Amino acid sequence: MMGLDVKILFFIVATLSVCVYVAVSSNNRQKKKILNKITKGWGRHPQNKYSSEEFENISHYFRRTCNGHSIDDITWNDLGMDEIFKLVNNTYSSVGQEYLYRTLRQPDSDMDKLKKMDVLAEEFTANEKERIEVQKVYNWIGRVKHISVSDYMDIVVDMDKRGNLVHYLALLFLVSSILFTALINPVIGIWLCIASVAFSVITYYRYKAAVEKYFVCVNYLIKLLSGAKKISKLKYEFLKDYSSELDRINDAFSEISKNAGVIESGNIDGSIGEMLLDYVRMLTHIDLIKFNNMASKLKNKDELVYRLIDILGFIESSIAVASFRVMLENWCKPKFKDRGNTTFEVEDVYHPLIEKPVANSIAVRKHILLTGSNASGKSTFLKTIAVNAILSQTIYTSVSKKYVAPRYRIYSSMALRDDLGSSSSYYIVEIKSLKRILDAISSDGMPVLCFVDEVLRGTNTVERIAASSEILKSIDNKKAVCFAATHDVELTTLLMPGYENYHFQEEVTEDEVLFNFILYKGPATTRNAIKLLKTVGYDYSIIAAAQRQASYFLDKGMWNVDN
């Protein structure tokens with residue numbers, strides 16, 4: 001008998017040892033995986049995948065909290081800023097990526113805030129070990145799906161108070177049936193236990209279903225508070241000010257976060273302990289009781305919740321900015337001029353999404369009119385300047401060797417399309433887009449930096465040139481700087497002296513048209529639309545006829561209708 005007891009004891013010890021070994025090994029593998037992900041992701045293009053629903057959710061925090069001037073939807077879409085966001089977004093938590101998105105859409109006039117982000121980015125670049133530890137915390141906080149952080153928090157602070165009477169009754173029924181079984185009548189007691197378990201399970205799932213979405217929200221809030229506590233405990237000197245405020249917020253939520261682990265459900269880590277705890281919750285309703293107690297204490301704490309999001313988001317966004325800077329071949333910190341000085345100067349500026357970019361430089365003291373052949377680089381240059389202005393005013397980083405300019409309100413009218421939803425033609429969409437820029441220029445505030453590509457392309461040549469020249473002339477150079485691109489060479493004369501002419505050009509060979517994408521001073525003197533027909537294999541007769549027609553018009557000032 002003694003030998004059997006020893007064997008049983010040995011089996012139990014061996015089983016527990018194997019379980020511990022498996023758990024520890026799994027935990028170590030997971031830690032190595034996370035470390036490898038963070039290390040390899042630093043200073044590289046993030047490989048995150050986004051659905052259209054996810055992108056919409058990411059924007060909610062910006063749309064709920066934006067104040068003052070922001071990059072409007074037209075400008076954001078014109079410039080392909082979603083792709084810029086993806087390039088910068090080396091974050092691991094929802095709170096980080098949503099804060100970063102909001103940052104990129106709100107050019108900041110607060111120099112102190114810009115410099116604070118710059119200081120943090122430099123600290124994270126210089127202190128690799130500390131940066132990795134902070135990133136581990138954000139990886140632990142993680143991302144939520146199907147809803148934004150701000151949506152979660154709005155739900156949390158607006159929860160209705162619910163009573164615990166049913167849950168206390170279920171718990172009392174269960175305890176009483178167990179005591180009845182043990183102390184009075186085992187047979188009847190077993191039936192009472194079965195009835196109490198059935199009552200507990202049925203009422204648990206009934207009430208849990210009604211508050212399930214709130215559980216997810218509260219769990220994420222608790223995770224944010226726990227993450228804030230983890231960051232504070234690291235006690236890094238350069239995070240001292242942020243840590244002290246995070247501690248203050250945690251103190252304000254201390255009654256809520258205490259024992260909050262009991263409300264987590266869904267076997268989140270796959271452990272046996274968590275599985276057992278799920279059954280305990282089901283039978284005792286301890287998670288529902290705790291949740292209802294928490295809900296009553298979350299009222300009127302929305303300001304603290306959003307401050308928590310802001311601080312945590314700001315810190316992780318600074319890490320993303322640091323990673324973005326490491327990724328770039330050349331970058332600089334912008335220098336901002338006084339409000340009354342509209343001079344704009346960039347040196348060796350390029351677009352961060354182009355793999356092998358051609359850098360250009362320009363010093364602007366008046367408006368700029370760009371001309372050049374199709375595909376020569378006009379639109380790309382407009383986007384390059386606009387994107388750099390946004391990055392400079394949002395994350396204190398210019399993709400250039402030098403950036404000197406005032407702080408601007410930034411607008412564009414470039415990649416427009418027909419609005420089928422309102423049955424508006426391209427021309428109507430375009431003139432409304434231009435009008436919003438003129439309205440911004442005439443209003444009070446920082447000077448406007450605007451970008452217009454092929455102004456009024458949606459109408460006939462004569463009216464386009466007449467109207468576009470007058471619209472562009474009307475832009476007050478004391479309140480705005482305009483970069484415009486056009487195929488209409490007539491504008492190079494009509495807009496003088498208010499606009500300075502620059503152009504892109506090409507080299508034409510027998511079989512192809514080559515572009516160097518270098519910016520030149522002065523108006524363009526060549527056209528290539530007909531020549532490009534040849535390079536893609538159009539019939540020679542079409543090309544020859546087109547050349548004759550163009551030559552006739554240039555010589556006579558009218559089209560040859562008899563040809």
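Modeller: The expected span of a helix (a DSSP run of H or I, at least four residues, numbered from the N terminus, as strands are, with E and at least two residues) is 1.5 Å times one less than its number of residues. This is a predicted model, numbered from 1 along each chain as its sequence is written. Local features need pLDDT of at least 70 and side-chain atom pairs 80 or more, totals for chains, interfaces and linings use all residues, and side-chain values use heavy atoms, without hydrogens or water.

Colleague: How far apart are the end C-alpha atoms of helix α10?

Modeller: Helix α10 covers residues 186-234, which is 49 residues. A straight helix would reach 72 Å. The ends of α10 fall short of that, at only 55 Å.

Colleague: Where is the kink in α10 centred?

Modeller: A bend is the angle between axes fitted to the seven residues ending at a residue and the seven starting there. In α10 the kink is about 60°.

Colleague: Which residue has a side-chain oxygen reaching a backbone nitrogen at the start of α10?

Modeller: The nitrogen belongs to V187, and the oxygen comes to within 3.1 Å of it. The oxygen is on the side chain of N185.

Colleague: Which strands stand at the edges of the open sheet of six strands?

Modeller: The order is β6-β7-β8-β4-β9-β12, with mixed pairing (two strands pair if DSSP finds at least two bridges between them). Each edge strand has a single partner, so one side is left without a neighbour in the sheet. The edges are β6 (409-413) and β12 (520-521).

Colleague: Which residue of β8 stands opposite V452?

Modeller: Strands β7 (residues 448-453) and β8 (residues 480-485) run parallel, joined by six bridges. Opposite V452 stands A484.

How values were computed: A polar contact is a pair of N or O atoms within 3.5 Å; within protein, one must be able to donate a hydrogen and the other to accept it, and residues adjacent in sequence count only if both atoms are side-chain atoms.
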